[in-house]
Amino acid sequence: MPNKTEFHPNVSQVASAIQPFHVMKILAEAKALEAKGVEVIHMEIGEPDFPSLNCIHQAADQAMQQGLTHYTPTMGLPALREKLANFYADFYHAKVNSQNIMITPGSSTALQLVLTALLNPKDKVLLADPAYPCNRQFVNLLHGELLAIPVSHETQYQLNLELLKANWQPGIKVVMVASPANPTGTVIEQSELIAMANFLAEKNVYFIVDEIYQGLVYERPAESILANQHLPQNVIVINSFSKFFGMTGWRLGWTVAPDPLMPILDRLGQNLFLAAPTPSQYGALRVLDKDALQALEARRSVFEQRRNVLINAMQQAGFTPKLIPDGAFYLYWDISEFSDNSAQFCAELLQQTGVAITPGKDFGYFQANQHVRLAYTCDEPLLKAAVKKISEFCKSINQSI
């Protein structure tokens, strides 16, 4: 027999350079411990622990029973786009035209779609460090140039107009922010967002605002930049049915973009994914009804209470978080008193105590080794137990020094 021809895989450089989610390694190790009978407290994954609402399941099932399983238009079900426009009017007091809404298979796809529409190779994208990992990876995939601006608790881990002006340089095409943000849970005030949008409009630069966690805010009203009556035409909003709406596995998001971009987004969508999942869209139609939104508000209140329980427990344990998150379900915690290697801290914490949290290196480079992210996506007794275990772990570190 002839010798088998040896094949040597040769993948693209940009794909090879894409970094993994380090939190997934933590999750895999946590699952392995659970398989051995170890009780694990999961505070690593940014996913609501509630199941999606039963009314969503019923609506999707009804659609399937009626044979509504074919492709929808690439821009999404017209009824869903219209209902989202009404949601913006009722929930945010924002006037949004349904023709400016595009439904996507998850918000990450929405962001990838928007960046593909905007970026040429070497175009610069300015964002905060720390930030959600996909933001960096998508820019790299599109051969853009990343300008990651270090931010700390002194600016709520957020960009602001002053930082934009201080770090400005030629060639910037896009600025990205998130409010509330992952991993910090902090919010940019609406007045600051509008000031940034206007500054960028003068520079002819797009402003992408991630509002994925809007709705999950505490001690303040839910707000959208789209509610501003004099919004410049450079603003693009990314949102999702995953977080506030609790539909993570349904993979459904959307973007709100200005008129000139909509035909381009439509063409890109036709080629990249054709349409978002049809059953998911029918489920989303149902989750925007009044009774479903009331149920989601009750869940929001639970997350607010969990935040308070976590902060109180940490303070009672002698920890002093530098800020209290305004929204989402994360606490970004400076552990420099105990470690200068957050990845090692998280790995040893998991192995020794069964508490799973996320190292800062998932979210950027600035002070990443001295920060970890805690997700309060588990019940209050588990949060209290986790803090007790973390406290004992940190005491053991200090005793060994």
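**Helix α10**

I looked up helix α10 (residues 278–287) and found it mostly covered, with 7 of its 10 residues buried (under 20% relative accessible area with a 1.4 Å probe, protein chains only). The helix is a DSSP run of H or I of at least four residues, a strand is a run of E of at least two, and both are numbered from the N terminus. I listed the buried residues of α10 as Thr278, Ser280, Gln281, Gly283, Ala284, Leu285 and Val287. Their cover includes α3 (54–65), α4 (78–92), β2 (101–104) and α11 (290–316).

**Basis**

I note that this is a predicted model, in which local features need pLDDT of at least 70, side-chain atom pairs count only at pLDDT 80 or more, and totals for chains, interfaces and linings use all residues. Residues are numbered from 1 along each chain as its sequence is written, and side-chain values use heavy atoms, without hydrogens and water.

**Largest pocket**

I then looked up the pockets: a pocket is an open set of points on a 1 Å grid over the protein atoms alone, where a 1.4 Å probe fits, with protein on both sides within 12 Å along at least five of seven lines; lining residues have an atom within 4 Å of a point. The largest pocket holds about 560 Å³ of space. I recorded 27 lining residues, with Phe21, Gly46, Tyr132, Tyr213 and Lys243 nearest the centre. Helices α2 (22–35) and α5 (107–118) are the elements that each give two or more residues to this lining.

**Second largest pocket**

I noted a volume of about 400 Å³ for the second largest pocket. Its lining has 17 residues, and Lys95, Val96, Leu226, Leu231 and Gln233 are the closest to its centre.

Methods
Grid points are joined across faces, edges and corners, and a volume is the space filled by probe spheres set on the points. Buried means under 20% relative accessible area, exposed over 50%, partly exposed in between (1.4 Å probe, protein chains only). Contact means heavy atoms within 4.5 Å.
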